[in-house]
Amino acid sequence: MNKKHIVIVGLGGVGGYFGFKINQVNEASGKYTVSFVARGETYDKVKENGLVLLSPEHPNDRTHPNAIEQNISDIKNPDLVFICVKEYDLENVCRQLKEVITKDTILLPMMNGANIYDRIRKIIPDHVILPTCIYVASHIKERGTVEHKGKAGKMIVGRDPEHFSSDIAWVTDLLQESKIDFDFKDNSITDIWTKFIFIASFGLVTAKHNSSIGTVCTDEKQKQEATEIMKEIKKIADKKDIQLVEDIIEKTFEKASTFPFETPTSLQLDIHSGKKENELELFAGAVLKYGKDVHIDTPFTQKIYNEILGK
């Protein structure tokens, strides 16, 4: 029996952390074939030295995949692809994947955002896509080296609503064997939107003011702005029959208050470092588009979106 071919596309904070865990266990077991896809200096470093993960979970901080490729086009017959790229690369990566996947390839996006599943489905309409939500505090320390702090990373993985009865037991077996903390649910959409309401509201307000998560929780004006964005997202979720808890806004602020006061958001860091490619469209763009689709007005999100763009 041929080994299943596992592919991790992108070795940033998320792909590097989870890809490391999958590959290090597989180095010992040899049960799967694991390929990494990385570009530029990351490709060079990992090809030469392996992937490094600095984490209290892993005393042995290095792992070597069966193969590392620079181009998705060099991948052959993948059975499972973890898509771990920045959201602004998603469509481009999906178009490339479409050329190399087989009819049975399963796609597992490792990206937080309410519209990730829909965007992949638009380009790759017939395959099994597992909607997933990620929690992990990890980042690129230098090319080929990922640093992880805090609690173990966690995944919430759901069935594909369009292929509900597909047999994906081997995928959850892989995650379990790799000692990844995960919950498997029939429906992960509620979890994805619960996280989205947090990252979108806090991302947009911190980006507008160049502030921190703690400031949004304590500054009256910023708290009100975040609340208005959450209200708009909640209305959209209600219209789409996505079951968020009634007190989602209070719960989101409670969750935010557990972070160290000065914690920044990735959108705020990208906007204020002048990075052209950032996740503004992932947050504001998704709210505005979904609002339009389901006829819910989103004036507050639109206002903050325009302010961040300097309109």
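Here is a quick briefing on the strands, helices and ring contacts of this structure.

This is a predicted model, so a pLDDT of at least 70 is needed for local features and 80 or more for side-chain atom pairs, while totals for chains, interfaces and linings use all residues. Residues are numbered from 1 along each chain as its sequence is written, and side-chain values use heavy atoms, with hydrogens and water left out. Helices (H or I, at least four residues) and strands (E, at least two) are DSSP runs, numbered from the N terminus.

**Around strand E2**

- Strand E2 (residues 33-37) is largely enclosed by the rest of the structure, because four of its five residues are buried (under 20% relative accessible area with a 1.4 Å probe, protein chains only; exposed is over 50%, partly exposed in between).
- Strand E1 (residues 5-9) runs parallel to E2, joined by five bridges; strands count as paired if DSSP finds at least two bridges between them.
- E2 also pairs with strand E5 (residues 67-69), again in the parallel sense, over three bridges.
- Phenylalanine 36 is the bridge partner of isoleucine 8, and in E5 the bridge partner of phenylalanine 36 is isoleucine 68.
- Together, E1, helix H1 (residues 13-29) and E2 make a right-handed β-α-β unit (with the strands pointing away from the viewer, the path from the first strand over the helix to the second runs clockwise).

**Helix H2**

- Thr42, Tyr43 and Val46 are buried in helix H2 (residues 40-49).
- Those buried residues line one face of H2, because they fall within an arc of 100° seen down the axis, taken from the directions from the helix axis to the C-beta atoms.
- They pack against E2, strand E3 (51-54) and E5, where contact means heavy atoms within 4.5 Å.
- Just after H2 comes glycine 50, with a positive phi of about 85°.

**The four-stranded sheet**

- An open sheet with mixed pairing is formed by four strands in the order E4-E3-E11-E10.
- Strand E4 (62-63) and strand E10 (138-142) are its edges, each pairing on one side only.
- E3 and strand E11 (residues 145-148) run parallel, joined by three bridges, and valine 146 in E11 is the bridge partner of leucine 53.

**Aromatic pairs**

- The count comes to six aromatic pairs, using rings of Phe, Tyr and Trp (its six-membered ring) with centres within 6.5 Å; planes under 30 degrees apart count as stacked, over 60 as edge-to-face and the rest as tilted.
- Tryptophan 193 and phenylalanine 196 make an edge-to-face pair, because their ring centres are 5.9 Å apart and their planes are at 65°.
- Both residues lie in helix H6 (residues 189-209), three residues apart, and both are buried.
- Tryptophan 193 also forms a tilted pair with tyrosine 290, because their centres are 5.5 Å apart and their planes are at 45°.
- That pair ties together parts 97 residues apart in sequence, because tryptophan 193 lies in H6 and tyrosine 290 in helix H11 (residues 280-293).
- Phe198, Phe202, Phe253 and Phe259 are linked into a cluster by ring pairs.

**Charges over rings**

- Arginine 159 has its charged end over the ring of phenylalanine 164, 5.4 Å from the centre (the rule: NZ of Lys or CZ of Arg within 6 Å of the ring centre and within 35 degrees of the ring normal).
- Lysine 303 has its charged end over the ring of phenylalanine 300, 5.7 Å from the centre.

**Threonine 301**

- Threonine 301 is found in helix H12 (residues 299-309) and counts as buried, at 0% relative accessibility.
- Leaving aside neighbours within four places in sequence, threonine 301 is in contact with Leu204, Ile229, Glu232, Ala284, Val287 and Leu288.
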